[in-house]
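Open the model in your viewer and show it as a cartoon. Follow the stops below in turn.

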Amino acid sequence: MNAIKFRCVTTYDLRTLYTLSKIGAAVKSRWKSLAWRLVGLVIAAYMLFMGALSLFSLSGMEIFGVIYLLCGAAAGIWSLFLYRIRAWYVRRFFMNGTQKQTFLFDEEGFEIAVEGAEKRIRDEYGEVLRLVETGDYFLLFLEKNVAHILPKGTLTGGTSEEFRKFLEEKSGRAAEEMRG
């Protein structure tokens, strides 16, 4: 490994995973994600309406009203809190105790040291498909559904502006700015 230019530590807390989920969906297809969430809200509203109608119609269909209300509430919660639910789900079922990753950037690529693991992962800048910058993070997309998230607050070795220029130069990709 060459001399390290930049170092960044990512702690995978719920806020970081929420941002990763939200930006990841926006990068893949912002309008498609928004459309599905709106469809979910419409379904939730319909089910809540039908549940209320069934409960108050006095037709002996109260059990269906309760089922409609529960399903409508679940669909509404899912649609409104989708990114937070995804963040919790990933943390709970996929992180396997991984709390921190340290990224070490040099002239030829970057290494990822996973806390508690002996093996390090090495990636080359040519593998970066997209480079996204938000107010607090950089995201390096290696595949459509695979990204590394790098908090600007833990960056050492230079400023976030210098780091962005470094990544743009090494990856050959222009950084896309997004709200996050």
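Start with the open sheet of four strands, ordered β1-β2-β3-β4 with antiparallel pairing. Strands here are DSSP runs (E, at least two residues) and helices are H or I runs of at least four, numbered from the N terminus. Two strands count as paired if DSSP finds at least two bridges between them. This is a predicted model: local features need pLDDT of at least 70, side-chain atom pairs count only at pLDDT 80 or more, and totals for chains, interfaces and linings use all residues. Residues are numbered from 1 along each chain as its sequence is written, and side-chain values use heavy atoms, with hydrogens and water left out.

Next, select 100–105 and 109–114. Strands β2 and β3 pair antiparallel over five bridges. Zoom in on T102: opposite stands A113 in β3.

Move to 62–80, helix α2. Its 19 residues reach 27 Å from first C-alpha to last, close to the 27 Å expected at 1.5 Å a residue; the expected span is 1.5 Å times one less than the number of residues. Colour G65, G72, A75, G76 and S79, the buried residues of α2. Buried means under 20% relative accessible area, exposed over 50%, partly exposed in between (1.4 Å probe, protein chains only). Look down the axis of α2: the buried residues fall within an arc of 100°, so they line one face of the helix. The arc is that of the directions from the helix axis to the C-beta atoms. On the other side of α2, I63 and L70 are exposed.

Finish at 137–143, strand β6, which six bridges join to antiparallel β7. A hairpin links β6 to β7 through two residues. Y137 stands opposite P151 in β7. Now select β7 itself, 146–151: five of its six residues are buried.
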